[in-house]
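Please read the briefing below alongside the sequence and the coordinates.

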Amino acid sequence: MAELIAALQHPQALITLAVLLLAVVLFVTGWLAPELTGLLSVALLVSSGVLTPEQGLAGFGSPALITLMGLFAVSAALFRSGALDRLRELIASERIRSSRRMVALLTLIVAPISAVVPNTPIVASLLPVLESWCRRRRIAPSRVLLPLSFATVLGGTLTLLGSSVNLLASDISRQLGLGPLELFSMTAIGLPVWLAGSVFMLLAPSGLLPSRGEDDSQLTTSPGQSGYTTEVTIPSNSSLVGQTLRHSRLQRRFDVDVLELQRGAERLLPPLADRRLEAGDRLLLRVTRDDLLRLQQDHTIQLADAQRPPGNPMAFSDLEATLFSTEVDGGQRTVEVLLPAGSTLAGASLRELRFRQRHNATVLALRRGQQTVQERLGQAVLREGDVLLLQAPLDAIRGLQASNDLLVLDQLENDLPTVRRKPLAIGIAVLMLLIPTLTPIPLVAAVLLAVVAMVITGCLRPGEVQRSIRLDVILLLGSLSSFSVAMQTSGLADGLAADLERLLQPWPAYAALAAMFLVTTLITNVMSNAASVALLVPVATQLAQPLGLPPQSLLMLVLFGASQSFLTPMGYQTNLMVFGPGRYHFLDVPRYGAGLTVIMTLLVPALILRQVQGG
């Protein structure tokens, strides 16, 4: 630690380390959204004089970030034109009859697609199709949803366009004077990584993935049997009035758990079995979707307004038995929606968001993986991965489909994209890949030309260009590049690298690379993978000369380590997207992903050394 201590004698290095530690704490704890943590870090580094405003904000105008913004629009055009409809049709076909065959389809076909289309929209598009397939085949979603996420993660390292983190690494490489990454710079390593990962997923014992299907006492493959938390009131004409919970039909005929009873300002918690119910009581229930329908048909309860303060309750008396049908009069539908990673709704309650007024949709119930939500429905703070049961007009649901804040899990029939322009969209995307490969035109120019071509040909409406851009990702990546600059200019990267060099000097090159890869992977599974790249690349490239390797090789090592997020739900945004719908427990992810992590830790360093020797 001598070199690091010497570096910290300089105030700028000390400030940079303090900001770095603060950012790590915020990333790990989630007290602030990742993009806000990035912006706070930039503000502190610029305010303290470590970076000039130009240095701190340079990342927001980088070619990599502009490329990513264009890529969001191109991806939206591909989905809108139905370019992936053939894949959706294949997944839903009768030929795929087992979870093993579905995993083969995901690893061998879906993964390569995520090499050129960001994996987040791919998972968002295929989630409803896979859930529908699971229901028809009576297969637990947990058997296939985690493989979907892992397959897109593996495919995302095949080309530069596969992940936003790849583009961030390219920008940091440019800032360090190593030059930007090319479109296929990662392919020589990414191809064997994808193949090895696919083989593991195809041959992995089925016991590594849980089967929380119809034989499970808690969950079934049917969405109607998923456990939701909802809030209800006891109307004056209810048969429950005057009865105790123990002897009421609420618990004799329906599969519900009463989590809380509120009577005026009084809040009562279990045990509640001997409590007599009164008109106006509000109950917090854990109930299946099917039983909520049966209760509504029986006129036993009324759904409470989640956005109205407890002191002024109002029941939805107009929600009758048709509430839970697929489609009701007036174009109303009941659908499940997921809060994906990066949703701006996370961190606020339904009441604070004025959800019904904002989205023209009524929240009927909330599901949070395997956790029981103890808060009142209107007061529960939403989290990434939550599933909401909504009732809304069809137009409002279509509006939600275009939002980055909510992911509609139910397929809407007769709501397919216009396929007339499908060949145009695919042709433009192919040209976008070929132009920078075969001509001197840079990738950023090819992507921007593709965006304009998509709009001119009608594959994408002008207004959809702005809506397609994930602002949270742009803010995070644009701000994080400042970390690399600060670590270089303050001398912090040099000090850390010198101490690491002393530690790893007795080790063979392969062992040193494997250790660095494993550390990167462990860090990225508890912190943003973009943050891992921004923090570790400047340090790793300083070790290139002592290890006798090109700096680009160490950059690739960190990039692949940060991309292989197979150990935690929060390690990668697609892991979090499938966590709730798959009914997973936390330990399910590392149980299935540990083998992949070991394989990658052994394989990637060997591939990098082979590439160096071959070059």
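A nonpolar patch on the surface is formed by Leu22, Leu32, Leu36, Leu39, Leu40 and Leu44, which together have about 420 Å² of accessible area. This is a predicted model, in which local features need pLDDT of at least 70 and side-chain atom pairs count only at pLDDT 80 or more, while totals for chains, interfaces and linings use all residues. Residues are numbered from 1 along each chain as its sequence is written, and side-chain values use heavy atoms, with hydrogens and water left out.

**Surface patch**

- Patches are made of residues with over 30% relative accessible area and no salt bridge, where like charges are joined within 9 Å and nonpolar side chains (Val, Leu, Ile, Met, Phe, Trp, Tyr) within 5 Å.
- A salt bridge here is a side-chain nitrogen of Lys or Arg within 4 Å of a carboxyl oxygen of Asp or Glu, and accessible areas come from the Shrake-Rupley method with a 1.4 Å probe, only the protein chains shown counting as cover for residues.
- Helix H3 (residues 34–47) gives the most to the nonpolar patch, with four residues; helices (H or I, at least four residues) and strands (E, at least two) are DSSP runs numbered from the N terminus.
- Leu36 lies in helix H3 and is partly exposed, with a relative accessible area of 44%, given that buried means under 20%, exposed over 50% and partly exposed in between (1.4 Å probe, protein chains only).

**Enclosed elements**

- Six of the seven residues of strand E4 (residues 282–288) are buried, so strand E4 is largely enclosed by the rest of the structure.
- Strand E2 (residues 256–263) pairs with E4 in the antiparallel sense over six bridges, where pairing requires that DSSP finds at least two bridges between two strands; Val256 stands opposite Val287 in E4.
- Helix H10 (residues 164–175) has twelve residues and reaches 17 Å from its first C-alpha to its last, close to the 16 Å expected at 1.5 Å a residue, the expected span being 1.5 Å times one less than the number of residues.
- Ten of the twelve residues of H10 are buried, so H10 is largely enclosed by the rest of the structure; among the buried residues are Leu167, Leu168 and Ile172.

**Cysteines and a contact along the chain**

- With a disulfide taken as a pair of cysteine sulfur atoms within 2.5 Å, the count comes to zero disulfides.
- Cys134 is buried at a relative accessible area of 0%, and Cys459 also counts as buried, at 2%.
- Ser99, found in helix H7 (residues 99–113), is partly exposed with a relative accessible area of 24%, and its C-alpha atom is separated by 9.2 Å from that of Pro141, 42 residues apart along the chain.
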